[in-house]
Amino acid sequence: MQTANFLTANFYYLMLKGKNILIGVTASIAAYKSALLIRLLVKAGADVKVIMTPAALDFITPLTLSTLSKNPVLIHFSKDKTGEWNNHVELGLWADTIVIAPASANTIAKMVNGICDNLLLATYLSARCKVYVAPAMDLDMYKHPATVENLKRLKSFGNAVINPGTGELASGLNGEGRMAEPEDIIEFLQKSLTKMLPFTGKKVLVTAGPTYEAIDPVRFIGNHSSGKMGFAIAEEFASQGADVTLVCGPNNLTAIHPNIHRIDITSAEELYNASVKAFKTTDIAVLSAAVADYKPTKAANQKIKKVNGIKSIDLVSTKDTLQELGKLKKAHQLLIGFALETENEIENAKAKIKKKNLDLIVLNSLNDKGAGFKTNTNKITLINRYNKSVNFELKSKAEVARDIVTVIKGLI
Ligand code: CTP
């Protein structure tokens with residue numbers, strides 16, 4: 001795998017960005033590879049801390065690893081001469097993921113037996129997160145029944161083993177035991193982390209933004225929706241593993257996550273067609289688009305000139321996508337709508353849940369400062385089909401999206 005291509009892959013970046021990753025380095029010639037592993041993780045946006053076993057100091061310097069990780073390397077239970085301790089419990093809780101690479105036969109044996117005679121092992125025993133182990137040793141050590149049994153037991157505790165590769169070993173022998181390459185370790189992490197996301201395998205439909213209903217080739221009926229709320233919901237679902245179809249009206253936004261499949265539409269009719277089609281394979285649909293309720297009965301083919309005069313425009317209702325999806329909804333599907341109200345907010349929202357057969361409604365009140373169109377913030381109340389409601393504070397639209405997705409997670 002080419003490092004340059006690998007680092008430009010959006011997906012790796014998104015999976016690891018902001019993750020707290022603790023790297024354990026043990027005594028093995030392969031310790032030189034942990035330098036590259038740390039560099040790649042930092043480039044991918046992870047916050048990396050390193051613990052070395054005392055014996056690993058013979059193989060690579062803490063200076064190299066602290067420079068690359070941008071954090072001091074930890075080795076002993078206490079900081080030299082200061083009497084201050086390196087709190088292994090805190091480190092274990094800090095970590096979202098622990099990767100022990102290289103993992104020597106000795107460290108693996110100690111992990112299996114709960115021995116904690118160094119900071120790395122004590123942190124391993126204190127951790128609650130998933131632990132990945134990349135063994136590195138000579139081929140006969142790797143094949144020894146003791147090591148084979150230890151790796152089996154290590155996996156049975158819920159740890160993941162990243163199998164070593166085959167090739168020339170430090171001893172000069174040829175065979176299995178070379179630590180997996182840093183790029184392959186990251187690919188393994190990314191795949192494993194993806195599988196653990198709550199919406200992996202789920203298909204989500206989100207509608208966002210306004211619709212424009214043509215009066216003539218240059219004029220339309222529309223509204224002030226920016227699409228920001230719907231885009232934030234799409235990003236949140238995608239970052240939690242969902243495959244998202246985002247049907248969006250005219251907007252200036254960019255969908256960042258590679259798992260968002262964007263369909264640009266202009267009118268309510270186009271939104272309806274795209275959504276009904278996508279809904280067939282959808283598990284969860286969140287309709288946040290501010291769809292025009294009316295459109296001109298007939299759009300003029302040519303620009304309407306002032307001299308000809310125009311006294312009124314005849315309007316006809318648009319198709320209600322949410323209502324249609326409510327009719328099509330199967331037992332395994334969840335349907336979530338939005339309600340923007342100015343009075344009798346709760347009653348109106350509850351009525352929409354019934355009328356449109358929804359599982360949840362997101363209520364916005366235009367009476368709340370900072371809520372509604374164009375703003376970067378929103379204030380919502382969520383009401384479920386059993387009329388249970390929960391109010392949220394004014395938050396950024398990204399945070400509001402997280403709240404909505406968390407509540408939906410509770411419904412599945
Ligand atoms: N919606 C839709 N298609 C439409 C109109 C609305 O999918 N043609 C969806 C919106 O995306 C939103 C919800 O329906 O999820 C809003 O419900 P609606 O009853 O249309 O709200 P309002 O337009 O505010 O209706 P009213 O003016 O009666 O309050």
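Biologist: In β13, which residue is the bridge partner of Val206?

Modeller: It is Val286. Strands of a sheet pair through backbone hydrogen bonds, either parallel or antiparallel. Here β8 and β13 run parallel and are joined by four bridges. Two strands count as paired if DSSP finds at least two bridges between them, and strands (E, at least two residues) and helices (H or I, at least four) are DSSP runs numbered from the N terminus. Please keep in mind that this is a predicted model, in which local features need pLDDT of at least 70 and side-chain atom pairs count only at pLDDT 80 or more, while totals for chains, interfaces and linings use all residues. Residues are numbered from 1 along each chain as its sequence is written, and side-chain values use heavy atoms, leaving out hydrogens and water.

Biologist: How many bridges join strand β8 to strand β11?

Modeller: Six, and these two strands, residues 203–208 and 243–248, also run parallel. You can follow the pairing in the viewer: Lys203 has Asp243 as its bridge partner in β11, and Ala208 stands opposite Cys248.

Biologist: In what order do the strands of the whole open sheet lie?

Modeller: The eight strands follow the order β12-β11-β8-β13-β16-β17-β19-β20, with mixed pairing. At the edges are β12 (260–264) and β20 (389–391), each pairing on one side only. Neighbouring strands are turned by 15° against each other on average, direction ignored; such angles run from 0 to 180 degrees between N-to-C directions of axes, lines fitted to C-alpha atoms, for helices over the stretch in contact.

Biologist: Which strands does helix α12 touch?

Modeller: Contact means heavy atoms within 4.5 Å. Helix α12 (residues 268–279) packs on the sheet, touching β8, β11, β12, β13 (284–287) and β16 (334–341). Its direction makes about 170° with that of β8.

Biologist: Why is β8 called largely enclosed?

Modeller: Five of its six residues are buried, so the rest of the structure largely encloses β8. Buried means under 20% relative accessible area, exposed over 50%, and partly exposed in between, with a 1.4 Å probe and protein chains only.

Biologist: Is Ser288 buried or exposed?

Modeller: Ser288 is buried, with a relative accessible area of 13%. You will find Ser288 in the loop between β13 and β14 (294–296). Leaving aside neighbours within four places in sequence, Ser288 is in contact with Val206, Thr207, Ala208, Gly230 and Phe338. A polar atom of the Ser288 side chain lies 2.5 Å from the backbone oxygen of Thr207. In general, a polar contact is a pair of N or O atoms within 3.5 Å; within protein, one must be able to donate a hydrogen and the other to accept it, and residues adjacent in sequence count only if both atoms are side-chain atoms.

Biologist: Which residues come nearest to the ligand?

Modeller: A residue is near a molecule if one of its heavy atoms lies within 4 Å of it. Of the 14 residues around the ligand, Leu287, Ala289, Lys319, Phe338 and Lys352 come nearest. A polar backbone atom of Phe338 is 2.8 Å from a ligand oxygen atom, and a backbone N or O atom of Leu322 lies 3.0 Å from an oxygen atom of the ligand. For Thr318, a polar side-chain atom lies 3.5 Å from a ligand nitrogen atom. Taken alone the ligand exposes 570 Å², and the protein buries 75% of that; accessible areas come from the Shrake-Rupley method with a 1.4 Å probe, and for residues only the protein chains shown count as cover.

Biologist: Where does His332 lie, and which residues does His332 touch?

Modeller: His332 lies in the loop between α13 (321–328) and β16, and at 53% relative accessibility counts as exposed. Not counting residues up to four places away in sequence, His332 touches Thr282 and Asp283. His332 and Ile284 are 48 residues apart in sequence and 8.9 Å apart in space, C-alpha to C-alpha.

Biologist: What about backbone angles: what is phi of Lys70?

Modeller: Phi of Lys70 is near 65°, a positive value in a residue other than glycine. Lys70 sits in the loop between α4 (62–69) and α5 (88–94) and, at 64% relative accessibility, counts as exposed. Asn387, in the loop between β19 (380–384) and β20, has phi near 70° and counts as partly exposed at 38% relative accessibility.

Biologist: Is the peptide bond from Ala101 to Pro102 cis or trans?

Modeller: That bond is cis, with omega near 0°. Pro102 has its place in strand β3 (residues 97–103).
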